[in-house]
Amino acid sequence: MKTLVLILGDQLSRDLASLDGFDRERDVVLMVEVADETTYVRHHKQKIAFILSAMRHFAAELGAEGLAVDYVRLDDPGNTGSFTGELARAVARHRPDRIVVTEPGEWRVRRMMDDWPLRLDVPVDIRDDDRFFCSRAEFNAWAGGRKSYRMEFFYREMRRRTGLLMHGDEPVGGRWNFDSENRKRLPASITPPPRGAIAPDAVTREVIAMVAARFADHFGDLDEFGWAVTRRDALAALARFVTESLPFFGDYQDAMARREPFVFHALLSPYLNVGLLGAREVCVAAEQAFRAGDVPLNAAEGFIRQILGWREYVRGIYWLEMPGYAQTNALSAQRPLPWFYWSGETAMNCLAIAIADTRRHAYAHHIQRLMVTGNFALLAGIRPAEIEEWYLVVYADAYDWVELPNTHGMVMFADGGLLASKPYAASGAYIDRMSDYCGSCVYDPRIKTGAGACPFNLLYWNFLIENRSVLGRNPRLAMPYRTLDRMPSQRTRTIVEEARAFLDDLGRDKPGPQSAQP
Ligand code: FAD
């Protein structure tokens, strides 16, 4: 039986389920660069260059191994621009008895696949993506019957199941979670290691030139492209992270610094998400470094929790709740995305820095995403679909299955608390505590209202006031609501007036949100 194995751009793993049983004598791998996928949202230029270059390298590696690879480039004549169109052409070329594919990371593509047997008149075998610790069926079994889900309980279950950082039935160190130790500000005396950017080779340079020409009007710079595009270089990046940054990852996990866009973060998410690295090998590397005494427990646990806990948890929720998940809007947020998310032109220093980092590197670390760009979108009541699209566009690691729950659930609380027990709302004091951004800002986080007041202060209280009917009974928000209730009414009136004036001003004189993302 001749098989055509379709490998998607985020399935660049040699041990991919769809390659199981591949017959080198008969079977063919199909990889396609299609316009639909590069433009259904206007991805950051680095994201497109990263994926296409990694695809081309992966195809070359399979070819060198002796597998027959049919590779369609974006600019090949006859390229139809869609998965379905390219499959139809490949079926005509190869006349396979069946198509094999690993399930995609996106609901939109999964639905597309359902049409293929009929459209192509060939049976299609869609295999589970087993590159995760927890299968979709296992997650559904865990979630079954619960009204809301909590990452912490799921994570403990995963620790038990995998044995990672376990001592028999007990967590190593006697605690499951060392988060409370992971909230230090970055002192001036500590300098994180340099990024270790990888110089683009000839293949990547060709892709970068093509992206620069073809996607010139997409958001983002290409100048500092430094991503690994092969498994070998991704493994080297993992090794460097474990030696140089992981020992400090825990302590400074939440820290933000003006001149340090990466702090001690891993920069491994693009590699994990396209399959150049496996989640298991990354977690095992961190555990081994801890067991060898090279990395403290709060760092190893904090890092492993992000992958074994959060990454698996958001994926589980995505597949469990889609497609309805993306439609909810528990806080009825309706404001359009301000233009400065694209231009970076804002006097709020924290936002300007996070957006500039994003434009330069197609990267911002978790706390910038959650507590700066995310926090602002939450407090300002941005329409969930608009901020979700922004996150999907601007980061090199962004795929629907992981971006959507993080933005819709964790940041925007648009799911009404399904994913997280409370919104991650914070005033300017949090940003000031965890960063060096505020010192050089025109606004002052210590000023609550009036001239110079940090907009995050106004918006924070205004957010609690405006959303009282939904959030007022949330036990985790009891303290801020008590503080609010003790405020003199004149003060709350001033907050609401100034917050509204600020919000009304946000959209002035700016191009429409979707009209021309730079
Ligand atoms: P580190 O901080 O070094 O963490 C290590 C690894 O843990 C990451 O590589 C990542 O694989 C995993 N991880 C950490 N936090 C999360 C999380 N909340 N969810 C899933 N995995 C996590 N991550 C993506 O991979 N793709 C996205 O599209 C994405 N969108 C996000 C949108 C918002 C609004 C927020 C708040 C977070 C988002 N994240 C996303 C999660 C997280 O911010 C990134 O995984 C992380 O910043 C990647 O950088 P790093 O490799 O240096 O991570």
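**Pockets, cavities and the ligand site**

The second largest pocket is lined by 28 residues, among which Ser-13, Arg-131, Leu-277, Gly-278 and Ala-279 lie nearest its centre. Helix H9 (269-274), helix H10 (279-291) and helix H11 (297-321) are the elements that give two or more residues to this lining, helices (H or I, at least four residues) and strands (E, at least two) being DSSP runs numbered from the N terminus. The model is a predicted one, in which local features need pLDDT of at least 70 and side-chain atom pairs count only at pLDDT 80 or more, whereas totals for chains, interfaces and linings use all residues. Residues are numbered from 1 along each chain as its sequence is written, and side-chain values use heavy atoms, with hydrogens and water left out.

Pockets and cavities were both defined on a 1 Å grid over the protein atoms alone: a cavity is a set of points where a 1.4 Å probe fits but cannot get out, a pocket is an open set with protein on both sides within 12 Å along at least five of seven lines, and lining residues have an atom within 4 Å of a point. The second largest pocket holds about 480 Å³ of space, a volume being the space filled by probe spheres set on the points, which are joined across faces, edges and corners. Its lining comprises ten nonpolar, six polar and twelve charged residues, where Ala, Val, Leu, Ile, Met, Phe, Trp, Tyr, Cys and Pro count as nonpolar, Asp, Glu, Lys and Arg as charged, and the others, Gly among them, as polar. At least three residues of this lining are drawn from each of domain 1 (3-127) and domain 2 (136-203 + 230-316), with domain bounds that come from an automatic or database domain assignment.

Four cavities of 30 Å³ or more are present in the structure. The largest cavity contains about 410 Å³ of space and is lined by 25 residues, of which Gly-9, Glu-37, Ile-51, Phe-83 and Tyr-399 lie nearest its centre. Two or more lining residues come from each of helix H1 (35-39), helix H2 (45-64) and helix H4 (107-121), and H2 provides the largest share, five residues. By class, the lining of the largest cavity divides into 14 nonpolar, four polar and seven charged residues. Because domain 1 (3-127) and domain 3 (340-506) both give residues to this lining, the largest cavity lies between them.

The second largest cavity contains about 220 Å³ of space, and 19 residues line it, with Pro-194, Arg-195, Arg-240, Ala-266 and Leu-267 nearest its centre. Helix H8 (residues 231-249) gives the most to this lining, with five residues, and the lining as a whole consists of twelve nonpolar, four polar and three charged residues.

The ligand is surrounded by 29 residues, the closest being His-265, Ala-266, Leu-267, Asn-273 and Tyr-363, where a residue is near a molecule or strand if one of its heavy atoms lies within 4 Å of it. Polar contacts were taken as pairs of N or O atoms within 3.5 Å; within protein, one atom must be able to donate a hydrogen and the other to accept it, and residues adjacent in sequence count only if both atoms are side-chain atoms. An N or O atom in the side chain of His-265 lies 2.7 Å from an oxygen atom of the ligand, a polar backbone atom of Leu-267 is likewise 2.7 Å from a ligand oxygen atom, and a backbone N or O atom of Leu-268 is 2.9 Å from an oxygen atom of the ligand. Of the 810 Å² of accessible area that the ligand has on its own, the protein covers 99%; accessible areas come from the Shrake-Rupley method with a 1.4 Å probe, and for residues only the protein chains shown count as cover.

The shell around the ligand receives at least two residues from each of H9, H11, helix H14 (366-380) and helix H16 (400-411), and H16 supplies the largest share, six residues. This shell divides into 17 nonpolar, eight polar and four charged residues, and at least three of its residues come from each of domain 2 (136-203 + 230-316) and domain 3 (340-506).

Some backbone features were also noted in loops. Met-322 and Pro-323 are joined by a cis peptide bond with omega of about 5°, and Pro-323 is found in the loop between H11 and helix H12 (340-343). Ser-332, although not a glycine, has a positive phi of about 50° and is found in the loop between H11 and H12. Phe-413, also not a glycine, has a positive phi of about 55° and is placed in the loop between H16 and helix H17 (428-434).
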